[in-house]
Amino acid sequence: MEDDLEDAVVFGGTEKEVAEEDGKGIKSKRKRKRKRNKKQEKEVVVMMELQDPLEVFGRDIMLMILRNLDAHSVALSLLVSRAWHGVASSDLLWTSKCEELWLGKAHIPRLALVRGLSKLAAYSLSVMDGKRSRIMKEDLYDHIWEFHFTKAAPEYWRNLDPYWKGTGPPMRRYFHPDGSQTADPGDTVWGGQECCFCIVTSFVGEETIREHYVRINRWPRMFVSRKQDWSWEMSNFLYCYCSIPDSDKEGGTGPVL
């Protein structure tokens, strides 16, 4: 027993002290190992950051990642490289983006529905068209229009208008490529008169629109506005025209594109 105690003293202390020293050594080794592991993890992260994610994850996984991004972010990824452009321009991505963009819209541009057009191009054309406030002749005859008088119109006219009396479906008006306009048979307001329309647009400089309106015969001009759902409205102090949503949407009654 005395020999053991002497040995413990010779080697640096009592058995308790030796055990404590051993424990500290183990903890120190573990701490150094954790530091080393963290350093290695950081090096891996740095290496991953320096590598092209498309090369690291591959096309299929990158498509899954890009599907969860908004359209603007996906569009920015088109500029990274040719390889990124090939993935980020995929119809697999932009088909769903187009569906999200078109959801709840009254009218989808004809050009965006051309067969064989890429979905990326369809999305871009739709965004540009949705910002357009200048109505064109094609917009007039591409859609069916609901017509009603305003509150300022003479009472006699309002009494003939189902919009005010609630006696039937709204009156409709139809514009045609030859510049004429017609109504449904039996329309009591229409009266069977011949009508033609024109669009008048004047500019300040090259791009700024100064005045923009639609006129039917010599009746008061109708000023044009565009709604958030991409539908059109033309109105003056007497009456108002509203484009009806396209027929490919639920409840739509416009011409099939």
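Q: In which hand does α4 pass α7?
A: A crossing is left-handed if the near helix is turned anticlockwise from the far one by less than a right angle, and right-handed if clockwise. Here α4 passes α7 in a right-handed crossing. This is a predicted model in which local features need pLDDT of at least 70, side-chain atom pairs count only at pLDDT 80 or more, and totals for chains, interfaces and linings use all residues. Residues are numbered from 1 along each chain as its sequence is written, and side-chain values use heavy atoms, with hydrogens and water left out.

Q: Which residues make the contact of α4 with α7?
A: Contact means heavy atoms within 4.5 Å. From α4 come L63, L66 and R67, and from α7 come L92, L93 and K97.

Q: At what angle do the axes of α4 and α7 cross?
A: Axes are lines fitted to C-alpha atoms, for helices over the stretch in contact, and angles run from 0 to 180 degrees between N-to-C directions. The axes of α4 (residues 59-67) and α7 (residues 91-102) cross at roughly 15° and come within 10 Å. Because angles under 35 degrees count as roughly parallel, α4 is roughly parallel to α7.

Q: Which residues of α4 are buried?
A: Buried means under 20% relative accessible area, and exposed over 50%, with a 1.4 Å probe and protein chains only. M62, L63 and L66 are buried in α4. They cover an arc of only 105° around the axis, so they lie on the same side of α4; the arc is that of the directions from the helix axis to the C-beta atoms. The exposed residues D60 and M64 are on the face of α4 turned away from its buried side.

Definitions and conventions
Helix = DSSP H or I, 4+ residues; strand = E, 2+ residues; numbered from the N terminus. Parallel < 35°, antiparallel > 145°, perpendicular 65-115°, else oblique.
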